[in-house]
Amino acid sequence: MIRFDDVTKVYPKQTRPALDNVTLEVEKGEFVFLVGASGSGKSTFLRLVLKEEKPSQGRVHVAGKDLGRLSSWKVPGLRRQIGTVFQDFRLLPNKTVTQNVAFALEVIGRPQTQIRKIIPEVLDLVGLADKANRLPGELSGGEQQRVAIARAFANRPIILLADEPTGNLDPTTSVGIMKLLDRINRTGTTVVMATHDSQIVDSMRRRVIELEGGKMIRDQSRGVYGYSN
Amino acid sequence: MRFRFVFSELAIGLRKNVLMMFSVVVITAFSMMALGVALLVQRQVGHMKHYWYNQLQVSVYLCSAHSTNPNCPTAATPAQITDVQNQLQALQPTVKSIDFVDQARAYELFKETFKDAPDLVKNTSPDALPESFVVKLQDPKKFNVVSSALSGKPGVDSVQDEHAFLNKLFAILNQLRVVAIVISATVIIAAVVLIGVAVQVSAASRKRETGIMRLVGASNLYIQLPFLLEGIVGGLLGAVVGFAALSAIKVALIDHSLRAVFGAFGSLVEWGDVFYTLPFILGISILISGLASFVTLRMYLRD
């Protein structure tokens, strides 16, 4: 599903590479934690999967396609297959929950009839069916993140990328979010989640890939946040 | 392509950027008005040339009681008139036809020519007008033949070739046309830059939306289209306002003022000419606003 072949990424005017010779493979349906300190390359990894950046060296494959060979007008099509969730939720403040999720569908040309059907389903999945007409400002952090997840999942992507989704949430709320991501993973969606949250990682015991200074230093199938003993 | 979505985004953008849109419309309107003036002047020259070069005539004005020319101590005598006529006949075939216009007919022609200026007609009595020979030439450039043969002859006040006057008039009109084109081109450049800036400001104010659109995989066209349309709407409105201004000029300046004085020199521009400018104004405004928006967006909203 995601394959990195000897990928190095050096940003212009930087001396140290953001990613340094990373080779790894994520299979379909996996749940992977991407851990590491700030600046270790987690966000760069996610940006490369979305083709928001191009690797300086090496090749990135997503869903069997070599991103290096993907023409730029095909990139939107790639991104429609990938759902993204961020630490700062990235909702539109002047649109309701329903409108926020609908926006993502309208913008890729889905007809209104389909949208009207999808939204209740996906709001139900994230547990926000009764808050469909609220504005983001009226929701708690956890609820806002659920909206973001609903938006990311509405188009049934094959991959869900999460960049520190629990970064702005308290531990109890974070657990709820992780349960949701787990449920989504169980439907067959590959999930890659970059995180600082050691508690979550330790409690879920999934594959852990650790980055340090751009290099992959650990790839453990049922790992914990720090080195386990 | 979901038109409803594109148009709702367009409406949001227009509402948010009213002031910028206003300046875009004003500047585009001005440039299109200048362009329209240039085109109208061009049509005017065309009208005049068409009307007058068909006339191919030279007027030999005979001395009248009111002549100020020292060559005219008295009004032309019948003998002098016959002499001039013989001179003209001798110039055939350069001279194609000779027509004597007596005072009565001169007055009728005068009334007809200045029918839009009743005050002028009222204050001119028939015997104030000189008699003349109206001579049609085979070749209008041979004016000098008639002039050299008859200028200064007894009984001849002046030999007038409207062509010389008209050529001066055309020269002035052409200069006016060039000035109008230069003004128009300069303001069009300003409009192009302004439209580019307006579109950029609009896109910048919607960074959140466009960011999310890119993230969820909206195509570049879909993202850029509402802003592109904003630019074009501004250009089109400017064209409409510019055309309205041009029509107002036509009514206020030409119909009310110029027609009385210059109506004699063939038809002035009519509504048909004003509407002739419309496709140019619409076409050019759509072209410049579309291009300005498109190029700016591609540079600015690039991945």
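Author: Just after helix 1 of chain A, Lys51(A) takes a positive phi of about 55°. This is a predicted model, where local features need pLDDT of at least 70, side-chain atom pairs count only at pLDDT 80 or more, and totals for chains, interfaces and linings use all residues. Residues are numbered from 1 along each chain as its sequence is written, while chains are lettered from A and ligands numbered from 1 in the order in which they are written.

Reader: Which residues of helix 1 of chain A are buried?

Author: A residue is buried if 20 or more other C-beta atoms lie within 10 Å of its own, exposed if 12 or fewer, and partly exposed in between, with C-beta atoms placed from the backbone. In helix 1 (residues 42-49) of chain A, six of the eight residues are buried: Lys42(A), Thr44(A), Phe45(A), Leu46(A), Leu48(A) and Val49(A).

Reader: How do I read two packed helices?

Author: You describe them by the angle between their axes and the distance between the axes. Axes are lines fitted to C-alpha atoms, for helices over the stretch in contact, and angles run from 0 to 180 degrees between N-to-C directions. Take helix 3 (residues 97-106) and helix 5 (residues 141-153) of chain A: their axes come within 8 Å and cross at roughly 30°. So helix 3 of chain A is roughly parallel to helix 5 of chain A (under 35 degrees is roughly parallel, over 145 roughly antiparallel, 65 to 115 roughly perpendicular, the rest oblique).

Reader: Which residues make that contact?

Author: Residues are in contact if their C-beta atoms, placed from the backbone, lie within 7 Å. Helix 3 of chain A brings Val97(A), Asn100(A), Val101(A) and Ala104(A), and helix 5 of chain A brings Val147(A), Ala150(A) and Arg151(A).

Reader: At what angle do helix 4 and helix 5 of chain A cross?

Author: Roughly 135°, with the axes of helix 4 (residues 112-126) and helix 5 of chain A coming within 9 Å. That makes helix 4 of chain A oblique to helix 5 of chain A. Here Val122(A), Leu123(A) and Val126(A) of helix 4 meet Arg146(A), Ile149(A), Ala150(A) and Phe153(A) of helix 5 of chain A.

Reader: And which domains does chain A have?

Author: Domain bounds come from an automatic or database domain assignment. For chain A, that gives domain 1 (1-81 + 158-229) and domain 2 (91-156). Their centres, taken over C-alpha atoms, are 24 Å apart.

Technical notes
Helices (H or I, at least four residues) and strands (E, at least two) are DSSP runs, numbered from the N terminus. Two residues are in contact if their C-beta atoms, placed from the backbone, lie within 7 Å.
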